[in-house]
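Here are my notes on the model you sent. Please read them with the structure open.

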Amino acid sequence: MVPPSGGDGGGKGGASSILKSGAVMALGTLASRITGFLRTAMLVAALGVGALADAYNTANTVPFIVYDLLLGGILTAVVVPLIVRAKERDTAYGERYEQRLFTLAVLALAAMTAVAVLLGPVFIGIYGGSMHGSQRELAVLFARLFAVQIFFLGVSAFAGAILNTRKRFGAPMWTPVLNNLVIIGTAAAFLLVSTGKVNPDTIADWQIALLAGGTIGGMALQTVALWPSLRGSGFRWRPRLDFQKGEIGQIGKMAVWTLAYVLITQIGFAITTRLANSAGVKGRLEHLGDVGYTPYFNAYQLFQLPYAIIGVSLITALLPRMSEHAAGGRMREVADDFSNGLRLCSVVILPAAGLMAVLAPEITTVLFAHGATSVADAHVIAEVLRMFAIALVPFAAYQLMLRVFYAMQDTRTPTFVSVAVVATNIACALTAYAVLPTNKIIVGIAGGFALAQTMGAFVGWLILRRRLGGMDGRRVFVSYVKLVIALWPLVGFGYAVHAITEAVLGTGLLPGLVALVVGGAGGGALYLLFAKLLRVGEVQTMISTITRRLPGRG
């Protein structure tokens, strides 16, 4: 392994420190994502992947879109760095500053929620593609009901941001488990009490109430569950809006570029969502099955799992750390933080991408081929997932690079980079819709996403290398070469297990489970063995950190 390039974050100690900060988060995120996939699987079993599921999923995406558009990006890019710097200036001042920001957020969220309820038809008009008749009416009703989640989602995220600045990372990663459990129970109840295949024409009012109540109730519980941790951290909310001179201007200056960034990315998301929904309508008219937004949505949820478990945890731990280094002008240490985060993240991201590529049919069959969803429907999701697997590494790298810009209080550069990313995504999606067969459109849209994320990572790297005076490129390159070499035995073994299992046992739940267990365990063991033989330091650091946390170990 190439020696550290300097700084306290550059060597094994820096990597180990990041891992220790992210360990509890990673466990919480793992629990959250496992229950999240149980939630998704239960919803797929209950609602299928057709018109009803498209209406539900499109409408339930709206609160997250509105939140991201008006507040989510600001929390990540603006609030955490500003609170960190305010507390460095003066602890008491920093606490008052937190109170002002929290009060402003609560008022803004209440207003946003009320407006979003009124704009339900507009959102479905934008994202619903060719929805019409009873499907559109149901989607509009769901969109208005689900808009209530915006308030709870925003308060939950803001509370999590405050906890992160206080180096308390666990609760925000664990509370989504409660949300998932509520929705799992809701989907199970819907499945048990419903008879036959429910669609937008036949769904009853009580079924709508059940789905809406469970979906909103889960988010409300997630928010309330954060409050004990907030109080335990010493935070006491006392409403106040006595902003000092220059504070609003500082927030606004950073927020305007963040809003521009989110707006640009949401334009891309709106177009791809609309095209995916239109592909679903075309597919049903052409009797091609369900090839629209819901299979695309489910594949995207699966794709994000490895990044969410390790990437989000590391990024959450890194952002306050990088913000402190950037505030002190220690750009070399910022670059070291980025290098450590990227290399540690890739230790999990690369093999996950490999397993997704070779075992996608087995993954989607085991998770989704139940109830109203057939094995053929699950294989549609698998095709999209394989394309998303290509995007996993550049996506994680690009997300980490954005946090480096935010740590430096630069929200303008990511906005300009996003123009290239979104333009690529839109161009590819429109091309896929125009030239591909209907049943391949969502696969092409996923391919455009992969190309766009690769462009974002490439452009971001070039800009940050100049801003930071280097990106520790040699060490990153050497680590990636070793990891890619270690990856090939995993890919080969996984593909062999997939081919043999399919030839001998065919497709279905049992063959899928066999292939997943044998291919995943055997491929993972080969990957770790070759990584150890190649002396990949990040793998050894991660293994050491995990084993030290086992019962009976120091």
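This is a predicted model: local features need pLDDT of at least 70, side-chain atom pairs count only at pLDDT 80 or more; totals for chains, interfaces and linings use all residues.

1. H3 and H4. Helix H3 covers residues 91–118, and helix H4 covers residues 120–127. Their axes come within 4 Å and cross at roughly 70°. An angle of 65 to 115 degrees counts as roughly perpendicular, so H3 is roughly perpendicular to H4.

2. Who makes that contact. H3 contributes Ala116, Val117 and Leu118. H4 contributes Gly120, Pro121 and Phe123. By class, the contact of H3 with H4 has 5 nonpolar residues and 1 polar residue. No charged residues take part in this H3–H4 contact.

3. H14 and H16. Helix H14 runs over residues 375–407, and helix H16 over residues 441–468. Their axes come within 8 Å and cross at roughly 20°. Angles under 35 degrees count as roughly parallel, and H14 and H16 are therefore roughly parallel to each other. The crossing of H14 past H16 is left-handed.

4. Make-up of the H14–H16 contact. Here the classes are 23 nonpolar, 6 polar and 2 charged residues.

5. Cysteines. How many disulfides does a search of the whole structure find? The search returns 0. Is Cys345 buried or exposed? Cys345 has a relative accessible area of 6%. The cut-off for buried is under 20%, so Cys345 is buried. Cys428 has a relative accessibility of 22% and therefore counts as partly exposed.

Note on methods
Residues are numbered from 1 along each chain as its sequence is written. Side-chain values use heavy atoms; hydrogens and water are left out. Axes are lines fitted to C-alpha atoms, for helices over the stretch in contact, and angles run from 0 to 180 degrees between N-to-C directions. Helices (H or I, at least four residues) and strands (E, at least two) are DSSP runs, numbered from the N terminus. Angles under 35 degrees count as roughly parallel, over 145 as roughly antiparallel, 65 to 115 as roughly perpendicular and the rest as oblique. Contact means heavy atoms within 4.5 Å. Ala, Val, Leu, Ile, Met, Phe, Trp, Tyr, Cys and Pro count as nonpolar, Asp, Glu, Lys and Arg as charged, and the others, Gly among them, as polar. A disulfide is a pair of cysteine sulfur atoms within 2.5 Å. Buried means under 20% relative accessible area, exposed over 50%, partly exposed in between (1.4 Å probe, protein chains only). A crossing is left-handed if the near helix is turned anticlockwise from the far one by less than a right angle, and right-handed if clockwise.
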